[in-house]
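Open the model in your viewer and keep the selection tool at hand. Each stop below says what to pick and what to look for.

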Amino acid sequence: MKPALFDYVAPETVEAAVAALAGDETARPLAGGQSLIPTMNFRLSAPGRLVDLRRIEALRGIAVADGTIRVGAMTRHRELETHEGANRANPLIGEVLDNVAHIAIRNRGTVGGSIAHADSAAELPCLLVATGGTVSVQGPDGSREIGADDLFRFHMTTSLAQTEILTEVRIPALPPGTGYAFEEFARRRGDYALAGVCTLLTVEDGRCGEARIAACGIGARPVRLAAAEDALRGRAVDDAARADAGEAAREYMTAPADMQAGVAYRTDLLAALVRRTVATAARRAGG
Amino acid sequence: MAKTVLKKPIPAASSDPKVPVTLTVNGETVTREASPRMLLSDFIRHELGLTGTHVGCEHGVCGCCTVTIDGRAGRSCLAFAVQADGAEIRTIEGVADEDGTLHPIQQAMMECHGLQCGYCTPGFVMSMLSYLEETPEPDLSEKAIREVLSGNLCRCTGYANIVKAFRRSVELMNAAAD
Ligand SMILES: Cc1cc2nc3c(=O)[nH]c(=O)nc-3n(C[C@H](O)[C@H](O)[C@H](O)COP(=O)(O)OP(=O)(O)OC[C@H]3O[C@@H](n4cnc5c(N)ncnc54)[C@H](O)[C@@H]3O)c2cc1C
Ligand code: FES
Ligand code: FES
(Lines give C-alpha, C1' and ligand atoms only; values in the text may rest on other atoms or scores of the structure.)
(Ligands and ions follow the chains in the order given, each with its own letter.)
Protein backbone atom coordinates (compact mmCIF):
# COMPACT_ATOMS: atom_id res chain seq x y z
CA MET A 1 0.00 0.00 0.00
CA LYS A 2 0.99 3.64 -0.23
CA PRO A 3 1.00 6.33 2.47
CA ALA A 4 -1.85 8.81 2.85
CA LEU A 5 -1.28 12.43 1.87
CA PHE A 6 0.76 14.67 4.14
CA ASP A 7 2.52 18.03 4.14
CA TYR A 8 6.30 17.79 4.16
CA VAL A 9 8.70 20.26 5.70
CA ALA A 10 12.45 19.95 6.27
CA PRO A 11 13.53 22.85 8.51
CA GLU A 12 17.16 23.61 9.36
CA THR A 13 16.85 24.34 13.08
CA VAL A 14 15.32 22.58 16.06
CA GLU A 15 13.29 25.73 16.83
CA ALA A 16 11.73 25.72 13.36
CA ALA A 17 11.01 21.99 13.66
CA VAL A 18 9.28 22.51 17.02
CA ALA A 19 7.21 25.33 15.52
CA ALA A 20 6.23 23.09 12.60
CA LEU A 21 5.11 20.38 15.03
CA ALA A 22 3.15 22.87 17.12
CA GLY A 23 1.22 24.04 14.06
CA ASP A 24 -0.55 20.71 13.48
CA GLU A 25 -1.48 18.25 16.21
CA THR A 26 -1.17 15.33 13.78
CA ALA A 27 2.37 16.35 12.79
CA ARG A 28 5.22 13.91 13.52
CA PRO A 29 8.99 14.18 13.28
CA LEU A 30 10.59 12.04 10.53
CA ALA A 31 14.06 10.72 11.37
CA GLY A 32 15.42 7.61 9.60
CA GLY A 33 11.90 6.55 8.64
CA GLN A 34 12.65 2.88 9.33
CA SER A 35 9.72 2.53 11.73
CA LEU A 36 7.48 5.41 10.73
CA ILE A 37 7.40 4.78 6.96
CA PRO A 38 6.39 1.09 7.23
CA THR A 39 3.43 2.07 9.43
CA MET A 40 2.51 4.78 6.93
CA ASN A 41 2.84 2.35 4.01
CA PHE A 42 0.32 0.10 5.76
CA ARG A 43 -1.79 3.11 6.77
CA LEU A 44 -1.50 2.17 10.40
CA SER A 45 -0.54 5.78 10.84
CA ALA A 46 -1.32 8.83 8.76
CA PRO A 47 0.37 11.97 10.10
CA GLY A 48 -0.98 15.15 8.48
CA ARG A 49 2.49 16.66 8.41
CA LEU A 50 5.98 15.21 8.47
CA VAL A 51 8.75 17.35 9.91
CA ASP A 52 11.93 15.86 8.43
CA LEU A 53 14.87 16.38 10.80
CA ARG A 54 17.58 15.51 8.23
CA ARG A 55 18.75 19.07 7.57
CA ILE A 56 19.32 19.98 11.22
CA GLU A 57 23.11 19.91 11.72
CA ALA A 58 22.77 20.38 15.49
CA LEU A 59 21.19 16.92 15.78
CA ARG A 60 24.21 15.07 14.39
CA GLY A 61 27.44 13.75 15.77
CA ILE A 62 29.01 11.76 18.57
CA ALA A 63 31.16 13.23 21.36
CA VAL A 64 32.88 11.26 24.09
CA ALA A 65 33.97 13.28 27.14
CA ASP A 66 33.75 13.28 30.94
CA GLY A 67 32.47 9.75 31.20
CA THR A 68 29.55 10.32 28.84
CA ILE A 69 28.87 9.45 25.23
CA ARG A 70 26.72 12.19 23.74
CA VAL A 71 24.91 11.14 20.60
CA GLY A 72 22.96 13.59 18.44
CA ALA A 73 19.44 12.30 17.84
CA MET A 74 19.89 12.05 14.05
CA THR A 75 23.07 9.96 14.28
CA ARG A 76 22.54 6.74 12.30
CA HIS A 77 22.73 3.41 14.14
CA ARG A 78 25.59 2.25 11.94
CA GLU A 79 27.61 5.36 12.70
CA LEU A 80 27.41 4.75 16.45
CA GLU A 81 27.98 1.00 16.00
CA THR A 82 31.26 1.65 14.18
CA HIS A 83 32.42 4.66 16.24
CA GLU A 84 35.68 3.69 17.93
CA GLY A 85 35.64 6.22 20.74
CA ALA A 86 32.07 5.42 21.75
CA ASN A 87 32.71 1.68 21.74
CA ARG A 88 35.92 2.07 23.72
CA ALA A 89 34.05 4.07 26.36
CA ASN A 90 31.15 1.64 26.41
CA PRO A 91 31.60 -1.64 24.51
CA LEU A 92 27.99 -2.59 25.19
CA ILE A 93 26.98 -0.17 22.45
CA GLY A 94 28.39 -2.25 19.59
CA GLU A 95 27.16 -5.48 21.15
CA VAL A 96 23.63 -4.09 21.39
CA LEU A 97 23.50 -2.44 17.97
CA ASP A 98 24.71 -5.60 16.26
CA ASN A 99 21.30 -7.03 17.18
CA VAL A 100 19.23 -4.17 15.77
CA ALA A 101 17.67 -5.07 12.41
CA HIS A 102 20.09 -5.38 9.47
CA ILE A 103 22.93 -3.25 8.15
CA ALA A 104 20.74 -1.59 5.50
CA ILE A 105 18.23 -0.59 8.21
CA ARG A 106 21.00 0.57 10.57
CA ASN A 107 22.46 2.71 7.78
CA ARG A 108 19.23 4.75 7.81
CA GLY A 109 17.72 4.30 11.29
CA THR A 110 18.71 6.87 13.91
CA VAL A 111 19.59 6.60 17.59
CA GLY A 112 17.05 9.28 18.54
CA GLY A 113 14.39 7.61 16.38
CA SER A 114 14.81 4.26 18.13
CA ILE A 115 14.55 5.87 21.55
CA ALA A 116 11.57 8.07 20.61
CA HIS A 117 9.82 5.17 18.91
CA ALA A 118 10.16 3.17 22.18
CA ASP A 119 9.22 -0.24 20.86
CA SER A 120 9.05 -2.44 23.97
CA ALA A 121 11.25 -5.07 22.30
CA ALA A 122 13.84 -2.58 21.00
CA GLU A 123 17.44 -2.89 22.12
CA LEU A 124 18.54 0.75 22.45
CA PRO A 125 15.86 1.68 25.02
CA CYS A 126 16.99 -1.37 27.01
CA LEU A 127 20.60 -0.17 26.82
CA LEU A 128 19.54 3.26 28.06
CA VAL A 129 17.66 1.78 31.03
CA ALA A 130 20.50 -0.62 31.91
CA THR A 131 23.19 2.08 31.80
CA GLY A 132 21.06 4.82 33.37
CA GLY A 133 21.28 7.13 30.36
CA THR A 134 19.39 10.35 29.79
CA VAL A 135 17.99 12.30 26.85
CA SER A 136 17.48 15.96 26.07
CA VAL A 137 14.28 17.13 24.48
CA GLN A 138 13.31 20.53 23.16
CA GLY A 139 9.80 21.93 22.91
CA PRO A 140 7.98 25.26 22.63
CA ASP A 141 8.90 26.11 26.26
CA GLY A 142 12.59 25.28 25.99
CA SER A 143 14.52 22.14 26.72
CA ARG A 144 14.52 19.57 29.49
CA GLU A 145 16.35 16.44 30.44
CA ILE A 146 14.64 13.09 31.01
CA GLY A 147 16.19 10.05 32.68
CA ALA A 148 15.65 6.63 31.12
CA ASP A 149 13.38 5.54 34.00
CA ASP A 150 10.95 8.41 33.35
CA LEU A 151 11.13 8.26 29.55
CA PHE A 152 9.58 4.95 28.56
CA ARG A 153 5.90 4.79 29.48
CA PHE A 154 4.40 2.03 27.40
CA HIS A 155 4.92 0.18 24.11
CA MET A 156 5.70 2.92 21.57
CA THR A 157 4.92 5.64 24.11
CA THR A 158 7.37 8.00 25.81
CA SER A 159 6.90 10.99 28.09
CA LEU A 160 7.64 13.37 25.18
CA ALA A 161 4.88 15.77 24.21
CA GLN A 162 3.78 15.81 20.57
CA THR A 163 5.50 19.19 20.16
CA GLU A 164 8.83 18.04 21.63
CA ILE A 165 11.88 16.84 19.72
CA LEU A 166 14.43 14.50 21.19
CA THR A 167 17.75 16.23 20.52
CA GLU A 168 20.45 14.21 22.27
CA VAL A 169 20.94 10.78 23.83
CA ARG A 170 23.53 10.46 26.60
CA ILE A 171 24.94 7.04 27.40
CA PRO A 172 27.28 6.77 30.40
CA ALA A 173 30.73 5.30 29.76
CA LEU A 174 31.34 2.06 31.64
CA PRO A 175 33.50 2.55 34.73
CA PRO A 176 36.79 0.61 34.40
CA GLY A 177 36.43 -3.00 35.48
CA THR A 178 32.71 -3.21 34.71
CA GLY A 179 31.69 -6.46 33.04
CA TYR A 180 28.97 -6.18 30.42
CA ALA A 181 26.89 -8.38 28.14
CA PHE A 182 23.86 -8.14 25.90
CA GLU A 183 22.14 -11.15 24.50
CA GLU A 184 18.76 -11.68 22.87
CA PHE A 185 16.82 -14.36 21.15
CA ALA A 186 14.88 -13.70 17.95
CA ARG A 187 13.36 -16.23 15.57
CA ARG A 188 15.25 -14.75 12.65
CA ARG A 189 18.41 -12.68 12.64
CA GLY A 190 17.51 -8.99 12.74
CA ASP A 191 13.96 -9.40 13.97
CA TYR A 192 12.81 -7.73 17.13
CA ALA A 193 13.74 -10.01 20.01
CA LEU A 194 11.36 -12.34 21.84
CA ALA A 195 13.43 -11.25 24.83
CA GLY A 196 16.75 -9.47 25.33
CA VAL A 197 18.84 -8.87 28.44
CA CYS A 198 21.51 -6.29 29.17
CA THR A 199 23.74 -6.94 32.18
CA LEU A 200 26.40 -4.79 33.85
CA LEU A 201 28.29 -5.84 36.95
CA THR A 202 31.50 -5.43 38.89
CA VAL A 203 33.40 -8.15 40.72
CA GLU A 204 35.41 -7.23 43.82
CA ASP A 205 37.39 -9.84 45.76
CA GLY A 206 35.53 -12.58 43.93
CA ARG A 207 32.11 -11.17 44.81
CA CYS A 208 29.58 -9.21 42.80
CA GLY A 209 29.64 -5.52 43.70
CA GLU A 210 27.33 -3.34 41.64
CA ALA A 211 24.83 -5.00 39.30
CA ARG A 212 22.41 -3.50 36.79
CA ILE A 213 20.24 -5.75 34.66
CA ALA A 214 17.52 -4.66 32.22
CA ALA A 215 15.36 -6.59 29.76
CA CYS A 216 13.36 -5.82 26.64
CA GLY A 217 10.58 -7.72 24.91
CA ILE A 218 9.09 -8.95 28.19
CA GLY A 219 6.49 -6.27 28.88
CA ALA A 220 5.18 -2.91 27.76
CA ARG A 221 8.54 -1.20 28.19
CA PRO A 222 12.16 -2.01 29.00
CA VAL A 223 12.47 -2.89 32.71
CA ARG A 224 15.18 -3.10 35.36
CA LEU A 225 15.25 -6.57 36.94
CA ALA A 226 15.94 -5.34 40.47
CA ALA A 227 15.29 -8.71 42.14
CA ALA A 228 17.80 -10.40 39.84
CA GLU A 229 20.36 -7.72 40.71
CA ASP A 230 19.69 -8.27 44.44
CA ALA A 231 20.24 -12.00 43.96
CA LEU A 232 23.80 -11.28 42.83
CA ARG A 233 25.13 -8.45 44.99
CA GLY A 234 27.67 -9.57 47.55
CA ARG A 235 27.84 -13.14 46.26
CA ALA A 236 30.39 -15.10 44.30
CA VAL A 237 29.07 -15.22 40.72
CA ASP A 238 28.88 -19.01 40.52
CA ASP A 239 26.28 -21.34 39.02
CA ALA A 240 24.04 -21.03 42.07
CA ALA A 241 24.06 -17.22 42.00
CA ARG A 242 23.39 -17.18 38.27
CA ALA A 243 20.51 -19.61 38.68
CA ASP A 244 19.01 -17.51 41.48
CA ALA A 245 19.27 -14.37 39.36
CA GLY A 246 17.54 -16.14 36.49
CA GLU A 247 14.73 -17.36 38.76
CA ALA A 248 14.32 -13.88 40.30
CA ALA A 249 13.87 -12.42 36.81
CA ARG A 250 10.74 -14.48 36.11
CA GLU A 251 8.43 -12.19 38.09
CA TYR A 252 9.09 -9.33 35.64
CA MET A 253 7.49 -11.11 32.69
CA THR A 254 4.26 -9.27 31.81
CA ALA A 255 4.14 -9.80 28.04
CA PRO A 256 1.08 -11.75 26.91
CA ALA A 257 1.35 -14.79 24.68
CA ASP A 258 1.66 -13.75 21.05
CA MET A 259 2.11 -15.27 17.61
CA GLN A 260 5.78 -16.00 18.34
CA ALA A 261 5.84 -17.39 21.87
CA GLY A 262 3.72 -18.39 24.84
CA VAL A 263 4.25 -16.89 28.29
CA ALA A 264 5.99 -19.94 29.80
CA TYR A 265 8.44 -20.17 26.91
CA ARG A 266 9.29 -16.48 27.03
CA THR A 267 9.74 -16.61 30.79
CA ASP A 268 12.19 -19.53 30.47
CA LEU A 269 13.99 -17.54 27.80
CA LEU A 270 14.26 -14.55 30.11
CA ALA A 271 15.75 -16.66 32.90
CA ALA A 272 18.22 -18.27 30.48
CA LEU A 273 19.32 -14.91 29.05
CA VAL A 274 19.87 -13.56 32.57
CA ARG A 275 22.06 -16.58 33.45
CA ARG A 276 24.06 -16.28 30.26
CA THR A 277 24.61 -12.53 30.32
CA VAL A 278 25.59 -12.66 34.00
CA ALA A 279 28.17 -15.35 33.15
CA THR A 280 29.62 -13.33 30.27
CA ALA A 281 29.62 -10.07 32.22
CA ALA A 282 31.31 -11.71 35.23
CA ARG A 283 33.99 -13.18 32.98
CA ARG A 284 34.62 -9.81 31.37
CA ALA A 285 34.76 -8.16 34.79
CA GLY A 286 37.61 -10.52 35.58
CA GLY A 287 35.57 -12.58 38.07
CA MET B 1 0.26 -4.82 14.01
CA ALA B 2 -3.12 -3.67 15.27
CA LYS B 3 -5.49 -1.80 12.99
CA THR B 4 -5.99 1.80 13.96
CA VAL B 5 -8.56 4.27 12.78
CA LEU B 6 -7.08 7.16 10.85
CA LYS B 7 -7.30 10.18 13.14
CA LYS B 8 -7.31 12.68 10.37
CA PRO B 9 -9.33 12.83 7.19
CA ILE B 10 -7.44 13.30 3.96
CA PRO B 11 -6.43 17.00 3.74
CA ALA B 12 -9.21 19.16 2.27
CA ALA B 13 -7.25 20.14 -0.80
CA SER B 14 -6.45 16.58 -1.75
CA SER B 15 -4.64 17.72 -4.85
CA ASP B 16 -1.42 15.91 -3.89
CA PRO B 17 0.80 18.91 -4.71
CA LYS B 18 4.18 18.03 -6.14
CA VAL B 19 7.60 19.31 -5.25
CA PRO B 20 10.76 19.21 -7.35
CA VAL B 21 13.26 16.50 -6.40
CA THR B 22 16.82 16.65 -7.70
CA LEU B 23 19.14 13.74 -7.15
CA THR B 24 22.00 11.93 -8.80
CA VAL B 25 21.25 8.43 -10.03
CA ASN B 26 24.13 6.28 -11.25
CA GLY B 27 26.15 9.42 -11.89
CA GLU B 28 23.47 11.36 -13.73
CA THR B 29 21.70 14.31 -12.11
CA VAL B 30 17.95 14.29 -12.65
CA THR B 31 15.06 16.50 -11.56
CA ARG B 32 11.46 15.34 -11.40
CA GLU B 33 8.27 16.52 -9.74
CA ALA B 34 7.08 14.16 -7.03
CA SER B 35 4.40 14.11 -4.38
CA PRO B 36 6.01 14.07 -0.91
CA ARG B 37 4.38 10.72 -0.28
CA MET B 38 6.04 9.09 -3.26
CA LEU B 39 8.40 6.39 -2.06
CA LEU B 40 11.94 6.46 -3.40
CA SER B 41 11.36 2.95 -4.80
CA ASP B 42 8.39 4.20 -6.85
CA PHE B 43 10.34 7.28 -7.91
CA ILE B 44 13.17 5.11 -9.19
CA ARG B 45 10.86 2.69 -10.99
CA HIS B 46 8.04 4.90 -12.25
CA GLU B 47 9.62 8.33 -12.67
CA LEU B 48 13.07 7.21 -13.78
CA GLY B 49 12.09 3.91 -15.42
CA LEU B 50 14.85 2.00 -13.63
CA THR B 51 12.92 -1.17 -12.97
CA GLY B 52 15.89 -3.24 -11.81
CA THR B 53 15.08 -2.07 -8.29
CA HIS B 54 12.39 -4.52 -7.20
CA VAL B 55 9.62 -4.10 -4.65
CA GLY B 56 8.59 -7.06 -2.52
CA CYS B 57 7.12 -6.03 0.80
CA GLU B 58 7.21 -2.24 1.27
CA HIS B 59 8.05 -2.57 4.92
CA GLY B 60 11.78 -3.09 4.96
CA VAL B 61 11.84 -6.85 5.44
CA CYS B 62 12.64 -8.44 2.06
CA GLY B 63 15.52 -6.25 0.88
CA CYS B 64 14.57 -6.41 -2.85
CA CYS B 65 14.42 -2.62 -3.09
CA THR B 66 17.90 -2.02 -1.63
CA VAL B 67 19.88 0.73 -3.37
CA THR B 68 22.78 2.79 -2.10
CA ILE B 69 21.97 6.23 -0.76
CA ASP B 70 25.08 8.40 -0.43
CA GLY B 71 27.18 5.26 -0.68
CA ARG B 72 25.39 3.15 1.93
CA ALA B 73 22.83 0.40 1.34
CA GLY B 74 19.31 1.46 2.26
CA ARG B 75 15.74 0.41 1.59
CA SER B 76 14.23 2.56 -1.16
CA CYS B 77 10.75 1.54 0.08
CA LEU B 78 11.50 3.14 3.47
CA ALA B 79 12.42 6.57 2.17
CA PHE B 80 10.35 9.23 0.48
CA ALA B 81 11.85 10.58 -2.74
CA VAL B 82 11.87 14.09 -1.20
CA GLN B 83 14.17 12.84 1.56
CA ALA B 84 16.70 11.90 -1.12
CA ASP B 85 16.72 15.43 -2.58
CA GLY B 86 20.42 16.22 -3.10
CA ALA B 87 21.49 12.61 -2.49
CA GLU B 88 23.55 10.30 -4.63
CA ILE B 89 21.72 7.09 -5.48
CA ARG B 90 23.12 3.97 -7.07
CA THR B 91 20.86 1.26 -8.44
CA ILE B 92 21.59 -2.12 -10.01
CA GLU B 93 21.62 -0.44 -13.44
CA GLY B 94 24.73 1.50 -12.40
CA VAL B 95 26.77 -1.50 -11.23
CA ALA B 96 28.13 -3.06 -14.46
CA ASP B 97 30.56 -1.17 -16.69
CA GLU B 98 29.20 0.95 -19.53
CA ASP B 99 30.35 -1.69 -22.04
CA GLY B 100 28.33 -4.35 -20.23
CA THR B 101 31.24 -5.99 -18.38
CA LEU B 102 29.76 -7.34 -15.19
CA HIS B 103 30.88 -6.09 -11.79
CA PRO B 104 32.84 -8.78 -9.87
CA ILE B 105 29.82 -9.28 -7.58
CA GLN B 106 27.52 -9.85 -10.56
CA GLN B 107 30.10 -12.14 -12.16
CA ALA B 108 30.36 -14.12 -8.92
CA MET B 109 26.58 -14.44 -8.59
CA MET B 110 26.50 -15.85 -12.13
CA GLU B 111 29.45 -18.23 -11.66
CA CYS B 112 28.21 -19.57 -8.33
CA HIS B 113 24.55 -19.92 -9.30
CA GLY B 114 23.62 -17.30 -6.73
CA LEU B 115 20.29 -16.68 -8.41
CA GLN B 116 17.35 -18.55 -9.85
CA CYS B 117 14.33 -16.35 -10.58
CA GLY B 118 16.42 -13.24 -9.95
CA TYR B 119 13.77 -11.25 -8.13
CA CYS B 120 15.92 -10.79 -5.03
CA THR B 121 19.21 -10.43 -6.89
CA PRO B 122 19.47 -6.65 -7.34
CA GLY B 123 18.94 -6.20 -3.60
CA PHE B 124 21.59 -8.78 -2.73
CA VAL B 125 24.07 -7.19 -5.14
CA MET B 126 23.50 -3.70 -3.73
CA SER B 127 23.85 -4.92 -0.13
CA MET B 128 27.09 -6.75 -0.94
CA LEU B 129 28.43 -3.81 -2.93
CA SER B 130 27.84 -1.36 -0.10
CA TYR B 131 29.31 -3.71 2.49
CA LEU B 132 32.41 -4.64 0.48
CA GLU B 133 33.09 -0.99 -0.35
CA GLU B 134 32.80 -0.15 3.36
CA THR B 135 34.88 -3.12 4.56
CA PRO B 136 38.31 -3.56 2.96
CA GLU B 137 39.04 -6.88 4.72
CA PRO B 138 35.74 -8.66 5.22
CA ASP B 139 35.38 -11.62 7.59
CA LEU B 140 34.74 -14.60 5.27
CA SER B 141 33.40 -16.98 7.91
CA GLU B 142 30.01 -18.50 7.18
CA LYS B 143 28.51 -16.73 10.20
CA ALA B 144 29.83 -13.29 9.24
CA ILE B 145 28.70 -13.60 5.63
CA ARG B 146 25.24 -14.76 6.66
CA GLU B 147 25.02 -11.79 9.01
CA VAL B 148 25.73 -9.38 6.13
CA LEU B 149 23.20 -11.14 3.91
CA SER B 150 20.55 -11.49 6.64
CA GLY B 151 18.76 -8.35 5.48
CA ASN B 152 17.88 -9.86 2.11
CA LEU B 153 15.41 -12.67 1.58
CA CYS B 154 15.58 -15.19 -1.26
CA ARG B 155 12.79 -17.66 -1.85
CA CYS B 156 14.63 -19.77 -4.44
CA THR B 157 18.26 -20.53 -3.77
CA GLY B 158 18.42 -21.55 -0.13
CA TYR B 159 21.28 -19.06 0.26
CA ALA B 160 24.18 -21.54 0.09
CA ASN B 161 25.19 -20.35 -3.38
CA ILE B 162 24.78 -16.72 -2.46
CA VAL B 163 27.23 -17.25 0.41
CA LYS B 164 29.61 -18.84 -2.11
CA ALA B 165 29.12 -15.88 -4.43
CA PHE B 166 30.03 -13.52 -1.59
CA ARG B 167 33.39 -15.29 -1.14
CA ARG B 168 33.96 -15.41 -4.90
CA SER B 169 33.18 -11.67 -5.16
CA VAL B 170 35.93 -10.91 -2.69
CA GLU B 171 38.38 -13.07 -4.69
CA LEU B 172 37.45 -11.36 -7.94
CA MET B 173 37.56 -7.88 -6.40
CA ASN B 174 40.98 -8.57 -4.87
CA ALA B 175 42.25 -9.94 -8.18
CA ALA B 176 40.98 -6.83 -9.99
CA ALA B 177 42.69 -4.59 -7.44
CA ASP B 178 46.10 -6.31 -7.85
C1 LIG C 1 12.96 -4.88 8.87
C2 LIG C 1 13.17 -4.05 10.11
C3 LIG C 1 13.68 -4.66 11.25
C4 LIG C 1 13.87 -3.92 12.40
N5 LIG C 1 14.38 -4.55 13.50
C6 LIG C 1 14.62 -3.83 14.62
C7 LIG C 1 15.17 -4.43 15.78
O8 LIG C 1 15.47 -5.63 15.80
N9 LIG C 1 15.37 -3.65 16.87
C10 LIG C 1 15.07 -2.32 16.86
O11 LIG C 1 15.27 -1.65 17.88
N12 LIG C 1 14.56 -1.72 15.79
C13 LIG C 1 14.32 -2.44 14.67
N14 LIG C 1 13.80 -1.80 13.58
C15 LIG C 1 13.45 -0.37 13.68
C16 LIG C 1 14.63 0.52 13.41
O17 LIG C 1 15.61 0.36 14.41
C18 LIG C 1 14.16 1.97 13.36
O19 LIG C 1 15.12 2.64 12.65
C20 LIG C 1 13.98 2.72 14.67
O21 LIG C 1 13.14 2.05 15.56
C22 LIG C 1 13.37 4.09 14.46
O23 LIG C 1 14.35 4.96 14.09
P24 LIG C 1 14.16 5.91 12.82
O25 LIG C 1 15.27 6.89 12.88
O26 LIG C 1 14.03 5.11 11.60
O27 LIG C 1 12.81 6.67 13.21
P28 LIG C 1 11.48 7.02 12.38
O29 LIG C 1 10.92 5.80 11.76
O30 LIG C 1 11.75 8.17 11.47
O31 LIG C 1 10.57 7.51 13.56
C32 LIG C 1 10.02 6.62 14.53
C33 LIG C 1 9.12 7.39 15.50
O34 LIG C 1 9.89 8.21 16.36
C35 LIG C 1 9.55 9.59 16.18
N36 LIG C 1 10.82 10.32 16.20
C37 LIG C 1 11.92 10.04 15.45
N38 LIG C 1 12.93 10.88 15.78
C39 LIG C 1 12.46 11.70 16.75
C40 LIG C 1 13.04 12.77 17.48
N41 LIG C 1 14.33 13.15 17.31
N42 LIG C 1 12.26 13.41 18.42
C43 LIG C 1 10.97 13.01 18.62
N44 LIG C 1 10.38 12.01 17.95
C45 LIG C 1 11.11 11.35 17.02
C46 LIG C 1 8.81 9.67 14.87
O47 LIG C 1 7.90 10.72 14.84
C48 LIG C 1 8.12 8.32 14.82
O49 LIG C 1 6.94 8.34 15.57
C50 LIG C 1 13.57 -2.51 12.42
C51 LIG C 1 13.08 -1.89 11.27
C52 LIG C 1 12.87 -2.65 10.13
C53 LIG C 1 12.32 -1.97 8.91
S1 FES D 1 10.29 -3.78 -0.78
FE2 FES D 1 11.69 -2.67 0.39
S3 FES D 1 12.42 -4.13 1.77
FE4 FES D 1 10.86 -5.21 0.76
S1 FES E 1 16.48 -16.04 -6.86
FE2 FES E 1 14.33 -16.13 -6.68
S3 FES E 1 14.00 -15.00 -4.85
FE4 FES E 1 16.12 -15.16 -4.91
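**Before you start**

This is a predicted model: local features need pLDDT of at least 70, side-chain atom pairs count only at pLDDT 80 or more, and totals for chains, interfaces and linings use all residues. Residues are numbered from 1 along each chain as its sequence is written, while chains are lettered from A and ligands numbered from 1 in the order in which they are written.

**Stop 1: chain B**

Select chain B. It has 5 helices and 5 strands (DSSP runs numbered from the N terminus: H or I of at least four residues for helices, E of at least two for strands). Along the sequence the pattern reads β-β-α-β-β-β-α-α-α-α. The C-alpha atoms of chain B fill a box of roughly 60 × 40 × 25 Å along the principal axes. Of the 178 residues in chain B, 43% are buried. Buried means 20 or more other C-beta atoms within 10 Å of a residue's own, exposed means 12 or fewer, and partly exposed is in between; C-beta atoms are placed from the backbone.

**Stop 2: ligand 1**

Now centre on ligand 1. Where does ligand 1 lie? Ligand 1 lies between chains A and B. Its shell holds 34 residues, and the closest are A:G32, A:Q34, A:G109, A:G113 and B:G60 (a residue is near if its C-beta atom, placed from the backbone, lies within 6 Å). Colour the shell by class: 18 nonpolar, 12 polar and 4 charged residues. Here Ala, Val, Leu, Ile, Met, Phe, Trp, Tyr, Cys and Pro count as nonpolar, Asp, Glu, Lys and Arg as charged, and the others, Gly among them, as polar. Highlight helix 7 of chain A, which gives the largest share of the shell, 5 residues. Then select domain 1 (7-50) and domain 2 (179-284) of chain A: both give residues to the shell, so ligand 1 lies between them. Those domain bounds come from an automatic or database domain assignment.

**Stop 3: where the chains meet**

Show both chains. 27 residues of chain A are in contact with 30 residues of chain B (contact: C-beta atoms, placed from the backbone, within 7 Å). Helix 2 and helix 6 (103-106) of chain A each supply at least two residues of the chain A side. That side has 13 nonpolar, 8 polar and 6 charged residues.

**Stop 4: the parallel sheet**

Go to chain A. 3 strands form an open parallel sheet in the order 1-3-2; strands pair if DSSP finds at least two bridges between them. Strand 1 (7-9) and strand 2 stand at the edges with a single partner each, so one side of each has no neighbour in the sheet. Strand 2 and strand 3 (residues 49-52) of chain A pair over 4 bridges. Pick A:A27 and find A:R49 opposite, in strand 3 of chain A.

**Stop 5: the antiparallel sheet**

Stay in chain A. 4 strands form an open antiparallel sheet in the order 11-12-13-14. Strand 11 and strand 12 (residues 195-204) of chain A pair over 7 bridges. A:G196 is the bridge partner of A:E184. Finish on helix 12 (residues 263-284) of chain A, which lies across strand 11, strand 12 and strand 13, at about 150° to strand 11. Axes are lines fitted to C-alpha atoms, for helices over the stretch in contact, and angles run from 0 to 180 degrees between N-to-C directions.

Technical notes
Contact = placed C-beta atoms within 7 Å.
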